[in-house]
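Please look at the sequence and the structure first, and then follow the sections below.

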Amino acid sequence: MRDIYRLLTRWWTAFALAASLAMLGAAHAFERFAGLAPCNLCLKQREVYWGAVAVAVVATAWTILSGSRRGTPRIAAFLLAAVFATGAVTAVFHMGGEYKWWSLPATCMGGGAIDLESLTALALGTGPAQRVAMCDSVAWSWLGLSMAGWNAVISLALAGFSLLAAKRPKDARAPRFEKA
C-alpha cells in the first residue's frame, strides 16, 4: 500500500492528467453517443478539466525532463488542488440548481452556440431544431446523483489527492540511493 501511495504522489501530475482527460472523454462521450447536450454550467465544468490538463502537462513534462529526481513539483500539486476544488464548487452549484436547492442565474438557460446558419435552416424548415439544454434539469443520474453530482464527488477526490501529493513526506519526493 505504501508503494502505491509513493507512486501515486510521486507521479501525481501524470495521474491527474489521465483523470482529467478521462473526465473530458466521458463528457464528450455522453454528448456524442448518449445525445445529452451540455448546458452552460456543464461547459464551465469542462473548462476546469482543461485547466487541469494544462497544469498537469507542464508539470509532467517538467518531471520527465528533470529526470524525475524530485517527482511531482509541489506547486503543481497545489495548483491542481485549487483547480479541482474550483471544479467541485462549480459542480455543487450546478447540482444545487438541478435539485432546486437554489435558483440558477439567467445565463444558465441554454447551452451551446446557435449560429446564423442554423437559425436560417430552422427558419426555412431545412434543418433540425437544436435542443437547448437547461441547467436546472437532471439529464442523467445514477445512484441518486446527477452528472454534476458525480463530477463534484470526483473533483473533490482529485483535489484531495492533489493535496496529498503536495504534502507528501520528503522520502516520497526523492529516491534514496543506497551505497553498496
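This is a predicted model: local features need pLDDT of at least 70, side-chain atom pairs count only at pLDDT 80 or more; totals for chains, interfaces and linings use all residues.

Along α2, the residues W12, T13, A16, L17, S20, L24 and A27 are buried, and because they cover an arc of only 145° around the axis, they sit on the same side of the helix. The other side of α2 carries R32 and F33, which are exposed. Just after α2, G35 takes a positive phi of about 75°.

Among the buried residues of this helix, W12 deserves a separate look. W12 lies in α2 and has a relative accessible area of 3%, so it counts as buried, the limit being under 20%. The C-alpha atom of W12 is separated by 7.4 Å from that of A77, although the two residues are 65 residues apart along the chain.

## Salt bridges

How many salt bridges does the structure hold? There are two salt bridges in the structure. In one of them, the side chains of R46 and E31 meet, with 2.9 Å from N to O. R46 belongs to helix α3 (residues 40-65) and E31 to helix α2 (residues 12-33), so this pair ties together parts that are 15 residues apart in sequence. The two partners can also be described by their accessibility: R46 is buried, with a relative accessible area of 11%, whereas E31 is partly exposed, with a relative accessible area of 33%.

The salt bridge between the side chains of E47 and K44 has an N to O distance of 4.0 Å, and the cut-off for counting such a pair is within 4 Å. E47 and K44 are three residues apart in helix α3, which means that about one helical turn separates them. An α-helix has 3.6 residues a turn, so residues three or four places apart point the same way. E47 is partly exposed at 47% relative accessibility, and K44 is likewise partly exposed, at 43% relative accessibility.

A disulfide is a covalent bond between the sulfur atoms of two cysteines, and a search of the whole structure finds zero of them. C42 is in no disulfide, and the nearest cysteine sulfur, which belongs to C39, is 3.3 Å away.

## A positive phi in a loop

Where does K100 lie? K100 is placed in the loop between α4 (74-98) and α5 (116-124). Although K100 is not a glycine, it has a positive phi of about 65°. With a relative accessible area of 56%, K100 is exposed, since the limit for that class is over 50%.

Key:
Residues are numbered from 1 along each chain as its sequence is written. Side-chain values use heavy atoms; hydrogens and water are left out. Helices (H or I, at least four residues) and strands (E, at least two) are DSSP runs, numbered from the N terminus. Buried means under 20% relative accessible area, exposed over 50%, partly exposed in between (1.4 Å probe, protein chains only). The arc is that of the directions from the helix axis to the C-beta atoms. A disulfide is a pair of cysteine sulfur atoms within 2.5 Å.
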